[in-house]
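Visitor: I have a structure to look at and would like to learn how to read it. Could you take me through it feature by feature?

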Amino acid sequence: MFNKKQTDWGAYGYLVPVFGIMLCFQVLPIFYSLAISFYRWDLIGEAEWVGLDNFARLFDDPMFYKSLVNTFYYAIVSVPLSILCSMGIALLLNNPISGIGIYRTIYFLPVITSLNAVSIVWNFIYHPDYGLLNKLLALLSLPPQLWLQDPFWAMPCIILMSVWKGLGYNVIIFLAGLQNIPKHLYEAARIDGATWTQQFRHITFPLLSPTTFFVFVMSTIGSFQVFSQIYMMTPRGGPLKSTLVIVYYLYQKAFEKFEFGYALAIAFVLFIMIFSMTLFNKLYVEKKVHYS
Amino acid sequence: MSATAKKTLFKHPSHIFIHALLIIGAIFMIFPFIWMIMTSFKSEDEILKTGKAIVLLPDQLRPSILNGEEDRKRIAEHERQKALFAAQTASGTVSRKAQKPFELLDNYKEAWSAQPFYRYFLNTFLTAITITTGSLIFASLAAYAFAFFKFPFKDQLFLLMLGTMMLPQQALLIPDYIILSKIHWINTYMALIVPWLASAYSVFFLRQFFMQLPKDLFEAAMLDGCTRLQFYFKIVLPLSKPPMVTLGIFSFLGTWNSFVWPLIVTNDTSLRVIQVGLSYFASEAGTRWGPLMAASTFTIVPLVIMYFLAQRQFVESQAMTGMKE
């Protein structure tokens, strides 16, 4: 009844810092960038209106196609691999064993370290002459490889390192998901004589599916934005551009060649791709998710 | 005592199998770090030594009992050169060609002096602390308003804020760069700090927490003539330590590890942050693996220490926030 009187006009004062910054650096820039993508502009010279030319150019740009293919390659291999490994580790850690804290700490360690520092370490591991990987292969009498300098191996190398880096994060999330599954379901299943495989198929997997879905959506979004490790481990997009991904291409166009309009066209295509993929996941994949 | 320990270690025969798998995984996870630290103490000769054997421990840290024939020879040679160099230095007859024999911390010294890393650390620490405290203050004020006050367009503003979380960061990079260059903020601390002081995620996170605080308390305090700011400082802030610590750690970690943003908005050496400095050092040092591993080690160490100090809080909050969607 005295709601009207209680309107806190002062509230806006509390919101000003956050909203001011957001408006300046997030909301307005998005509209601004949409506008720039219709121009040819190198920041110094006069901006020239080119309409949809920047977008049209994308379709004739073989490098853009290459970057699309590479990004999909990265996403299609790294996301399932990371989900499988982290789910497996979480299942192992979900047993009443000792030392869980230590394992959790170790698996989580790569997550907190910076991509740049670990990229340098993995560069060394992958080094054709002095790297650990080729030395291990030599122990097994296998032939050495060029790894990051080999167009075939460069992307798998990046993927392995990225999965290693992000694994711990997913393990923790899966572990939280597993601990939310009611224990009595397993007890009932055991009384009925269900095997481990049956318990996994009929209890664990369906009840974990919201978590799996969350991890899947977030990892997919992240995998389309991969950049730092590419920049650090395979400069210039790798041998025969085999690791040229979309964000790296965007970075090159914008901050090395100063083709801002074109780079923003790439950014919008990337955004639309991520957005539609998330929408697709939400609409179709989530149907298979079991919410209790 | 040991008997009970054994019992808990292997409560069930299958646990041996589980431990075996987990240990293999753990070795894979941690070995790159061990390799990094060990390499950082090795001389160029040791690192570039081709040959089949994988030598983990550096010459200077390995107990002599583990040394083979070849290692002994190399170490003896190294000792001889060290003695020679010391004698030459003492007598002042060091020839210009003579190289100082490797000492344990040489890679660290080389890396540290190759780039003004102390400056990079200072810049990173400064930005991280400012962003962490600043964004926490701003976010908690906004969250306080969203949780306790009644005002027009509240829901719309909240939705707008959530919407910004979905904007692609890559699409923002370019217009933000243009805006910053228009207001002459490129190559300033302002560019490194100000855009990151607003965190929609933090506002959302804190608002969820504030919503759980009893509303009656707020209304009673207002009736008693407590001002809104007093309530915020005296009641809300002291009660919200756990979520603030969690967000603080996230924000500090994120800033410490941020690379793309500082790479783009600064190019002045005096403003460079640690991750950008490291990438410059990496392209400069090429294949000088010893100093590179030393540099990687000293950029990682502060985070690892922080992680161990705040570990419980960290892992738990990570899991909690990860599930919130």
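Visitor: Which domains does the domain assignment give for chain A?

Guide: Domain bounds come from an automatic or database domain assignment. For chain A the assignment gives domain 1 (10–51) and domain 2 (60–288). The model is predicted: local features need pLDDT of at least 70 and side-chain atom pairs count only at pLDDT 80 or more, while totals for chains, interfaces and linings use all residues. Residues are numbered from 1 along each chain as its sequence is written, and chains are lettered from A and ligands numbered from 1 in the order in which they are written.

Visitor: How many residues of domain 1 of chain A are in contact with domain 2 of chain A?

Guide: Two residues are in contact if their C-beta atoms, placed from the backbone, lie within 7 Å. Nine residues of domain 1 of chain A are in contact with eight residues of domain 2 of chain A. On the domain 1 side, α1 and β1 (39–40) of chain A each supply at least two residues. That side divides into five nonpolar, two polar and two charged residues. Here Ala, Val, Leu, Ile, Met, Phe, Trp, Tyr, Cys and Pro count as nonpolar, Asp, Glu, Lys and Arg as charged, and the others, Gly among them, as polar. The centres of the two domains of chain A, taken over C-alpha atoms, are separated by 32 Å.

Visitor: How many helices and strands does chain A have?

Guide: Helices (H or I, at least four residues) and strands (E, at least two) are DSSP runs, numbered from the N terminus. Chain A has twelve helices and two strands. Along the sequence they follow the pattern α-β-β-α-α-α-α-α-α-α-α-α-α-α.

Visitor: What radius of gyration does chain A have?

Guide: The radius of gyration is taken over C-alpha atoms, and the globule rule is 2.2 Å times the number of residues to the power 0.38. Chain A has 24 Å, whereas a compact globule of 292 residues would have a value near 19 Å. Along the principal axes, the C-alpha atoms of chain A fill a box of roughly 80 × 75 × 35 Å.

Visitor: How many residues of chain A are in contact with chain B?

Guide: The size of an interface is often given as the accessible area lost when the parts come together. Here the count is of residues: 77 of chain A are in contact with 76 of chain B. Helix α1 (residues 11–36) of chain A gives the largest share of the chain A side, 16 residues. By class, that side has 59 nonpolar, 14 polar and four charged residues.

Visitor: Why is helix α11 (residues 246–256) of chain A described as largely enclosed?

Guide: A residue is buried if 20 or more other C-beta atoms lie within 10 Å of its own, exposed if 12 or fewer, and partly exposed in between, with C-beta atoms placed from the backbone. Eight of the eleven residues of α11(A) are buried, so the helix is largely enclosed by the rest of the structure. Among the buried ones are A:Tyr248, A:Leu250 and A:Lys253. The buried residues of α11(A) pack against α3 (62–93), α10 (228–233) and α12 (260–283) of chain A, together with α8 of chain B.

Visitor: How many residues of α4(B) are buried?

Guide: The count is zero among the 23 residues of α4(B), so this helix is hardly covered. The expected span of a helix is 1.5 Å times one less than its number of residues. Helix α4 (residues 69–91) of chain B reaches 33 Å from its first C-alpha to its last, close to the 33 Å expected.

Visitor: Which phi does B:His184 have?

Guide: Most residues other than glycine have a negative phi, and most peptide bonds are trans. B:His184 has a positive phi of about 55° although it is not a glycine. B:His184 is found in the loop between α8 (169–182) and α9 (189–193) of chain B, and is exposed, with 10 other C-beta atoms within 10 Å. In that loop also lies B:Asn187, with a positive phi of about 70°. B:Asn187 counts as partly exposed, with 16 C-beta neighbours inside 10 Å.

Visitor: Where is confidence lowest in chain B?

Guide: pLDDT is the predictor's confidence in each residue, from 0 to 100. In chain B it is lowest in helix α1 (residues 2–9), at a mean of 48, and highest in α9(B), at 96. Over residues 1–7 of chain B pLDDT stays under 50, and the model has zero contacts beyond four places in sequence for them. Where pLDDT is low, the predicted coordinates should not be read in detail.
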